[in-house]
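Q: Could you walk me through how to read a helix in its surroundings?

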Amino acid sequence: MRETWVVGAASTRFGKLAETGREAATRVALAALDSGGLDPRRIGYTFVANCFGVAERQAHLGPLINTALGIPEVPSCTVESACSSTSAALHEAFVHVAGGFIDAALVVGVERLSHLDTLAATSYFAMGADYPFETHNGATFPGLYATLASAYLKEFGTRPEELGAVAVKNHANAARNPYAHFQKEISMATYLGSPVIASPLRLYDCCPFSDGATALVVAARDSLPRPPSEPLVMRASVRTGAAGDIQDRGTMTGIPATRAAGEKALRLAHIERSQIDFLEVHDCFTIAELMALEDLGFYAPGKAGAATRDGVTAHDGRLPVNPSGGLKAKGHPVSATGAAQVFEIFEQFNGRAGGRQVPKAEIALAHNVGATGSSCSVHIFGRR
Ligand SMILES: CC(C)(COP(=O)(O)OP(=O)(O)OC[C@H]1O[C@@H](n2cnc3c(N)ncnc32)[C@H](O)[C@@H]1OP(=O)(O)O)[C@@H](O)C(=O)NCCC(=O)NCCS
């Protein structure tokens, strides 16, 4: 395999886009190419992630982005894997580049749903679950993650304050991130006083509906002159799957696809957990961050909440988790989310993370889940 780098990255601020998804996607694609110092004509394939383009009456974005970049002849496709769509697209880019099929690929994730109300957006999102068994019976993602949270709290006796500690931390990080949807801190009292959305999950346990677009440029090291930015060396790119429904997975207190992806990624990257300096993990709901840290093997089952409460995962803690603010507070424009985790690592490695900068980070891990864990990606990045 060829050594493969992420050489360029760019993102919109998450929240509400004034432009169309197509316009935002094109803008970040150009900016990512620019940050990598790569001429668009070097791109061999464009992988787009965009789950809900139909809500804007515009699907099949790849040829439109490529045409705007002046490369209409370059092949493209849309990759869909629910909330893990751009990390799936990044994996495809990695396979093509590391495998020697092309020298460079563009990965673009975009979602724009802010013109829909909460009911409509919730209905769109729920299509990523099992329609006849879950969605048709009234299950939504807040409801499904609340089911997992109920099982977890019962099994481990976790206190609401431990879920709240995830929300307080991620809001504090997002308050230092100019790309974040919510740039305000919250207190534990605000968390505990917020309305219940799907018991036991409160408003501040949930990610918001966000618009946003993020792009990455992936290239083989041997095809490149020296890139203008500090590249991310892709040390592992892993995808795993699991049963579509939570009742078919044998556990409700963790996500088996995360366990499998984490183990395999560490093995492929030849590194120990202790070498990882920080993580961006999938915290669509606060419970998901606790489960991710345990499934990835950083904490024993039921122990991640206490570590979060004790500040270990704060941006200046021993193992920073979601310095970007995570899906919880940076926002979750489904198809841009996986790429946005990598964008955060790119900004961190290039020393541009300002007040949330993790000092001396050499190795970082990104973890992104589709739906309630039927798909998962883990990527590990190192410095050159
Ligand atoms: C939690 C949720 C139900 C709130 O929706 P809502 O009750 O319609 O809230 P609104 O959009 O009317 O916003 C009301 C206020 O709460 C804020 N808000 C909304 N969602 C928020 C969230 N998740 N976290 C913090 N604040 C939030 C809004 O900014 C707004 O604040 P303002 O009054 O200061 O402007 C909605 O954000 C949600 O369903 N999130 C989960 C999305 C999801 O399932 N994603 C897929 C994950 S797998």
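This is a predicted model: local features need pLDDT of at least 70, side-chain atom pairs count only at pLDDT 80 or more; totals for chains, interfaces and linings use all residues.

Q: What covers the buried residues of H9?

A: The cover includes helices H5 (141-156), H6 (160-174), H8 (256-269) and H10 (304-309), along with strands E9 (278-280) and E10 (363-370). Charged residues sit in the buried set too: Glu289, Glu294 and Asp295 are among its members. Just after H9, Gly297 has a positive phi of about 90°.

Q: How do H5 and H9 pack?

A: Two packed helices are described by the angle between their axes and the distance between the axes. Here H5 and H9 pack at about 60°, with axes 10 Å apart. That makes H5 oblique to H9. The crossing is left-handed. On the H5 side, the contact uses Tyr145, Leu148, Ala149 and Tyr152; H9 brings Ile287, Ala288, Leu290, Met291 and Glu294. By class, that's eight nonpolar residues, no polar ones and one charged.

Q: Which residues have the most contacts inside the largest nonpolar core?

A: In soluble globular proteins, nonpolar side chains tend to be buried together. The largest core here has 64 residues, and Tyr145, Leu279 and Ile380 have the most contacts inside it. H5, H8 and H9 are among the elements giving it two or more residues. H5 supplies the largest share, eight residues. Another core, of 32 residues, lies apart from it and includes Leu216, Met234, Val342 and Ile345.

Notes. Residues are numbered from 1 along each chain as its sequence is written. Side-chain values use heavy atoms; hydrogens and water are left out. Buried means under 20% relative accessible area, exposed over 50%, partly exposed in between (1.4 Å probe, protein chains only). Helices (H or I, at least four residues) and strands (E, at least two) are DSSP runs, numbered from the N terminus. Contact means heavy atoms within 4.5 Å. Axes are lines fitted to C-alpha atoms, for helices over the stretch in contact, and angles run from 0 to 180 degrees between N-to-C directions. Angles under 35 degrees count as roughly parallel, over 145 as roughly antiparallel, 65 to 115 as roughly perpendicular and the rest as oblique. A crossing is left-handed if the near helix is turned anticlockwise from the far one by less than a right angle, and right-handed if clockwise. A nonpolar core is a set of buried Ala, Val, Leu, Ile, Met, Phe, Trp, Tyr and Cys residues joined through side-chain atoms within 4.5 Å.
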